[in-house]
Number of protein chains: 2
Amino acid sequence: MGIVVQKYGGSSLADAASIKRVARRITEAKKAGNDVVVAVSAMGDSTDELLELAEGVSPLPPARELDMLLTAGERISMALVAMAISDLGFTARSFTGSQAGVITDSVHGKAKIIDVTPGRIRDAIADGHIVIVAGFQGVSQDTKEITTLGRGGTDTTAVALAAALGADVCEIYTDVDGVFTADPRIVRSARKLDRVSYEEMLELAACGAKILHLRCVEYARRYTIPIHVRSSFSHKEGTWVMDPAEGDTMEQAIIAGIAHDRSEAKITVVGVPDKVGYAARIFEALAAAQINLDMIVQNISAAATSLTDISFTLPRTDGATAMKALDALKDEIGLASLMYDDKIGKISLIGAGMRSHPGISAKFFSAIAAAGVNIEMISTSEIRISVVVDEAQVDAAVAAAHTAFDLDADEGEAVVYGGSGR
Amino acid sequence: MGIVVQKYGGSSLADAASIKRVARRITEAKKAGNDVVVAVSAMGDSTDELLELAEGVSPLPPARELDMLLTAGERISMALVAMAISDLGFTARSFTGSQAGVITDSVHGKAKIIDVTPGRIRDAIADGHIVIVAGFQGVSQDTKEITTLGRGGTDTTAVALAAALGADVCEIYTDVDGVFTADPRIVRSARKLDRVSYEEMLELAACGAKILHLRCVEYARRYTIPIHVRSSFSHKEGTWVMDPAEGDTMEQAIIAGIAHDRSEAKITVVGVPDKVGYAARIFEALAAAQINLDMIVQNISAAATSLTDISFTLPRTDGATAMKALDALKDEIGLASLMYDDKIGKISLIGAGMRSHPGISAKFFSAIAAAGVNIEMISTSEIRISVVVDEAQVDAAVAAAHTAFDLDADEGEAVVYGGSGR
């Protein structure tokens, strides 16, 4: 008898009926002979409602108190799930992040899990209970303050619990059937992946696939926890995120999928003197402003002028801050001008198989070109190729690449994308 | 510089505007040079909303999970109050009951406070913070489970904190100006009391005055914590609940006030054999059914029959259970019949001064008689006389007694009863 950790997000817990449905699902896993530990998010839009309450009393609430407030959301959903389970004749015990032993650093609003000490969970399991844990929250090691984990927090809680408890699997329940070769809202013929490796999933998450958060995948890879991403609305097998089995590499597809991201902006610094230290000054200034850059491209300088252009992408939300930091440098290092473009999209082709297959880039670029889409920037890693294009052309480029790499589902296996619109 | 503990109920924290108003009030006490610790209830009707959610998933939710759910309410309000205070330029730290060291027994839903270990509160005070504590909740000593204190829980939390911290005063903020000689909704000329002793307040609370809960007054008396009951909507002095100062007795009014209670029912057991052990059987049966009796009256038996009648009052909510328990006894001890009346009201005249003043009962009964009201039962303690009358005549009897004992306010001091309708 093994331990199964499950995670249900807010869209699966929107109201009483959904909570009862989730409770039935949980008890099925228990009936099948497993010990079951469940991480839950706050119900539906309740986190947004709490944020609205906070805005009502203070435009800039202290982070400590905001965490105290937001953690009430999972407290409510976990108690309700436990009640619904008890109503089905099983016993359940709910635990807050703190009670569950989710120990974090003390950065309110985006704390990192540094340890999990699940003594109370183990005791409850030993007593035969189903355990429900509040996701997204923990308690800080030094100050014993309540913290929240930030985006993707409940997924990360689930994986961290799975690791600490030595669970067989961490099941992430969502409102789609699994991880797809592309966003099914853009590519109708996108295919559900049966398996994807940690490193591919990391690249997919980093490049805009919203199904799993980067932190959760990183945690799972570090502790080798198999993640099963599946729908809470059906019993179909979803996508397994795990290391390929020995000797499995031969059969691995060259390309796992195509991710896209419309959340970035592009800044071009025009006319940077092509001398030692100038580029460094620019990136130092951006780092000092706490801005995470994504792609960076520097053109070869025109010999006549010894000036170069540097382009980079960054989260749109950091755009104004970055432009301000660069503007302050303008006179100091003699930049010609700054250009800001927030109408871009990034498209990434991801696959561990591309390591051993030459010609992937050429095929990718020419598929995009054939669709009439201009490529503005390129960056690559060992298992990924990303391009920046006009935001309006993202869909066309994704569809063209999807077809070019034979990712389209056959007639028979075409999926219908549904779910509750999360 | 002393410590002031304040308590704000749900009606004072109904929305963002109310929370901001309460925050201003709290910072005024801080500005006046006090260390301030505040116990808060859940916002407005939010506890009822949480109960509705629970009903939606389970008709009979486990008590542990219900406590987990309900404690989210104060968590939300305390964080919002702390944010509103911070918005006024002060620093505040909110603490759950568990964090504040409110240690209880493990009876979910109506736990009793058995200790308060306010280490974190003291540290926060020492750091200059205003401290906000979730009322109504604690953590059980043995099982470390989250508990709630039941009715009057936040008042009790406030007094318990005041006792543990050696506070100068516990201010209970409400939506009326203080404790009145009678319910101002019934007696327009009711007068606000400037002071009332613990023992009088205990009797008032036990006899239906809803302003303070019995447990809170008991706690305050045990630790000699002065309670200042006052309005959160004005800056007027309210009512001080405290022991009379030495030599103060001479000036003490004979009567503190008149309380009434419409929550009880009366049961009469007709034709009980007037022999040793029969009455005991009846009360044993009621005790076994967990019913708390209030007034008990046994008539002298009629010599001819050696049968007696026993009447008692009890909470209406226990009426059906009690009748069932008695019905089971009917044949065993040969009762003639049972009579149930839930259309009764209890009126109580309370005053420490009545000890040394004879004739109070006579004056009370004749005032009620003069108002045309029939008295059905009488019971007395050293500082209280209670009568049971027809429920429909409660208002008339209260008003008549109020006038007879000269409690009516003079023209000038007449109060206008207002507040938010709590």
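# Briefing: a two-chain model

Helix α5(B) is followed by B:G166, whose phi is positive, near 60°. This is a predicted model. Chain B touches chain A through 25 residues on each chain: 25 of chain B are in contact with 25 of chain A.

**Helix α5 of chain B**

- Helix α5(B) covers residues 153-165, which makes 13 residues.
- From its first C-alpha to its last, α5(B) reaches 18 Å. That is close to the 18 Å expected at 1.5 Å a residue.
- Of the 13 residues of α5(B), 12 are buried, so the helix is largely enclosed by the rest of the structure.
- The buried residues of α5(B) include B:T154, B:D155, B:V159 and B:L161. B:G153 and B:L165 are also among them.

**Where the chains meet**

- On chain B, 25 residues are in contact with chain A. Three elements of chain B give two or more residues to this side: α1 (16-31), α2 (46-57) and α3 (63-87).
- Helix α3(B) gives the most, with 13 residues.
- By class, this side of chain B has 17 nonpolar, four polar and four charged residues.

**One helix pair across the interface**

- Two packed helices are described by the angle between their axes and the distance between the axes.
- Helix α2(A), residues 46-57, packs with α3(B) at an angle of about 30°. Their axes are 8 Å apart.
- The crossing of α2(A) past α3(B) is right-handed.
- From α2(A), the contact is made by A:L50, A:L53, A:A54 and A:V57. From α3(B), it is made by B:I76, B:L80, B:M83, B:A84 and B:D87.
- The residues of this contact of α2(A) with α3(B) divide into eight nonpolar, no polar and one charged.

**Helix α1 of chain B**

- Helix α1(B) has 16 residues. It reaches 22 Å from its first C-alpha to its last, close to the 22 Å expected at 1.5 Å a residue.
- Which residues of α1(B) are buried? They are B:S18, B:I19, B:K20, B:V22, B:A23 and B:I26.
- An α-helix has 3.6 residues a turn, so residues three or four places apart point the same way.
- The buried residues of α1(B) pack against elements of both chains. From chain A comes α2. From chain B come β1 (3-8), β2 (35-40), α3 and β6 (130-134).
- After α1(B) comes B:G33, whose phi is positive, near 100°.

**A serine in helix α3 of chain B**

- B:S77 lies in helix α3 of chain B.
- Is B:S77 buried or exposed? B:S77 is buried, because 28 other C-beta atoms lie within 10 Å.
- Leaving aside its neighbours within four places in sequence, B:S77 is in contact with B:L13, B:V40, B:S41, B:A42 and B:M43.
- B:S77 and B:A245 are 168 residues apart in sequence. In space they are 37 Å apart, C-alpha to C-alpha.

**The four-stranded sheet of chain B**

- This open sheet has the order β15-β16-β14-β17, with antiparallel pairing.
- Its edge strands are β15 (296-298) and β17 (337-341) of chain B, and each pairs on one side only.
- Neighbouring strands of this sheet are turned by 15° against each other on average, direction ignored.
- Eight bridges join β14(B), residues 264-273, to β16(B), residues 307-315. These two strands run antiparallel.
- B:V269 has B:I310 in β16(B) as its bridge partner.
- Helix α8(B), residues 278-288, lies across β14, β15 and β16 of chain B. It runs at about 145° to β14(B).
- Helix α9(B), residues 319-327, lies across β14, β16 and β17 of chain B. It runs at about 175° to β17(B).

**Strands of chain A**

- An open sheet of eight strands in chain A has the order β3-β6-β2-β1-β9-β11-β12-β10, with mixed pairing.
- Its edge strands are β3 (92-95) and β10 (195-196) of chain A.
- Four bridges join β3(A) to β6(A), residues 130-134, and these strands run parallel. A:R93 stands opposite A:V131 in β6(A).
- Eight bridges join β14(A) to β16(A), which run antiparallel. A:K266 stands opposite A:T313 in β16(A).
- Three bridges join β15(A) to β16(A), also antiparallel. A:I296 stands opposite A:F312 in β16(A).

How values were computed: Residues are numbered from 1 along each chain as its sequence is written. Chains are lettered from A and ligands numbered from 1 in the order in which they are written. This is a predicted model: local features need pLDDT of at least 70, side-chain atom pairs count only at pLDDT 80 or more; totals for chains, interfaces and linings use all residues. Two residues are in contact if their C-beta atoms, placed from the backbone, lie within 7 Å. Ala, Val, Leu, Ile, Met, Phe, Trp, Tyr, Cys and Pro count as nonpolar, Asp, Glu, Lys and Arg as charged, and the others, Gly among them, as polar. Axes are lines fitted to C-alpha atoms, for helices over the stretch in contact, and angles run from 0 to 180 degrees between N-to-C directions. A crossing is left-handed if the near helix is turned anticlockwise from the far one by less than a right angle, and right-handed if clockwise. Two strands pair if DSSP finds at least two bridges between them. The expected span of a helix is 1.5 Å times one less than its number of residues. A residue is buried if 20 or more other C-beta atoms lie within 10 Å of its own, exposed if 12 or fewer, and partly exposed in between; C-beta atoms are placed from the backbone.
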